[in-house]
Amino acid sequence: MPYTMRGGHVPIRIWTDPAEVEPGALDQLRNVANLPWVHGVAVMPDVHYGKGATVGSVIAMRDAVAPAAVGVDIGCGMTAVKSSLTVEDLPDDLSRLRAKIEKAVPVGRGAHRTAVDPSAVPGLKERGWYEFWQAYDELAPVARSRRGRATSQLGTLGSGNHFLEVCADDEGAVWAVLHSGSRNIGKELAEHHIEAAMRLPHNQDLPDRDLAVFLSGTRKMEEYRRDLFWAQDYARRNRAVMMALTQNVITRYFAGKRVRWDDVISCHHNYVAEETYDGVELLVTRKGAIRAGEGDLGIIPGSMATGTYIVRGLGNEKAFNSASHGAGRRMSRNRAKKSFTVDDLIEQTRGVECRKDSGVIDEIPGAYKDIESVIEAQTDLVEVVAHLRQLVCVKG
Ligand code: 5GP
Ligand code: MN
Ligand code: MN
């Protein structure tokens, strides 16, 4: 059940005790709730301060969108799929499987690939690639010189918080799970539009420059929507390609077993959708939140070693049909680097085949909130379908 916070011209519904939320994040939420275009604000239990807008927030606006409130990784999200393998099929030493995944899917900063030919990726269901790349030529001029990179980065994980995992659910079934977004092209488009919005006259008196909006019916909004929806599509396709490559690695690795796969679940957690509530058409921005309409499957990851939940939405309209996108950060990357050592990382990732070096200390489980409490705080938003624990975690 949500708390209700005042301080805006619309109430802010928040699925955690506001006393537990950083003051900086509460200020961000109040600023948002005071914008004239805002229809409602829902805040998820993984809420924390974020650049532009609070992570874990759902902002529903009438005839407006704030591009900085989407985040720079447009379409960032998760994909998961269950296999017919069980933990008994897996070898004790998972390092070879991890190496094979890392070879098939480029990971880390600057990891490019030769452009993927989607028709050469067995099992990839995504269609309409020709139209997708045709639409590229209509994007904002900033995209023009970046087409080569956009092509070569499709099917790559990226770095930092993005990951690719092999997990097991409580019944022992093996799953593949991944987190990635729209790579560099999404960031270029996002930054271009954030800048463009800030220059518009109607955005000059805002409490926070990052809340600059585009207004429906204007050319700027049309240009933004074109690029936003394309980047969201790129992110979805990027995850689909990587997931198909990962499934193929696993299928080949267990060649003697005839591996079968369920349908792939995919959800964005930084994006905009057009949705109608009580007959009002709204532009709903989820930044660090997933859609949880009635029956929607979603993915809520915890951290490198605390597992992931597969959930089904309950369709709570007070939350604009949303749920949290993860556990959320307990502390900033910098504070995590100062608070933990490599020994802590080794301790906190025991039993998981993953990086245990200083380069991922800011991703240590202790830097994130407790995923169990975050799930318990949203039993009116989602129900749990499966609980996964990681066996392999590949980080960029
Ligand atoms: P974000 O998109 O905000 O960077 O991260 C989404 C969420 O993923 C975080 O809030 C955190 O709870 C979770 N997370 C971060 N790293 C990992 C990881 O390596 N594995 C899993 N399963 N979850 C993670
Ligand atoms: Mn993300
Ligand atoms: Mn991302």
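Here are a few friendly notes on this predicted model, working from the sheet to the metal site and then to some single residues.

1. Ground rules. Local features need pLDDT of at least 70 in this predicted model and side-chain atom pairs count only at pLDDT 80 or more, while totals for chains, interfaces and linings use all residues; side-chain values use heavy atoms, with hydrogens and water left out. Residues are numbered from 1 along each chain as its sequence is written, and chains are lettered from A and ligands numbered from 1 in the order in which they are written.

2. Six strands form an open sheet with mixed pairing in the order 1-2-3-4-12-11. (Helices, H or I of at least four residues, and strands, E of at least two, are DSSP runs numbered from the N terminus; two strands pair if DSSP finds at least two bridges between them.) Strand 1 (3-5) and strand 11 (270-277) each have a single partner strand, so one side of each lacks a neighbour in the sheet. The twist averages 20° from one strand to the next; axes are lines fitted to C-alpha atoms, for helices over the stretch in contact, and angles run from 0 to 180 degrees between N-to-C directions.

3. Inside the sheet. Strand 4 (residues 55-61) and strand 12 (residues 280-287) pair in the antiparallel sense over 5 bridges. Val 58 has Arg 286 in strand 12 as its bridge partner.

4. Helices on the sheet. Helix 1 lies across strands 1, 2, 3 and 4, at about 165° to strand 3 (38-48). Helix 6 (residues 219-253) lies across strand 11 and strand 12, at about 115° to strand 11. Contact here means heavy atoms within 4.5 Å.

5. The manganese site. Which protein donors hold the manganese ion (ligand 3)? They are Asp 73 (OD), Cys 76 (SG) and His 162 (NE2), at 2.2 to 2.3 Å. Donors are N, O and S atoms within 2.8 Å of the metal (3.2 Å for Na, K and Ca), and sites may look incomplete because water is not among the atoms. Cys 76 also coordinates the manganese ion (ligand 2), 3.6 Å from ligand 3. Cys 76 counts as buried at 4% relative accessibility, and His 162 is buried at 9%. (Buried is under 20% relative accessible area, exposed over 50%, partly exposed in between, with a 1.4 Å probe and protein chains only.)

6. Backbone points to look at. Arg 183, in helix 5 (residues 183-198), has a positive phi near 50° without being a glycine. Phe 320 likewise has a positive phi of about 50°, and counts as buried at 8% relative accessibility.
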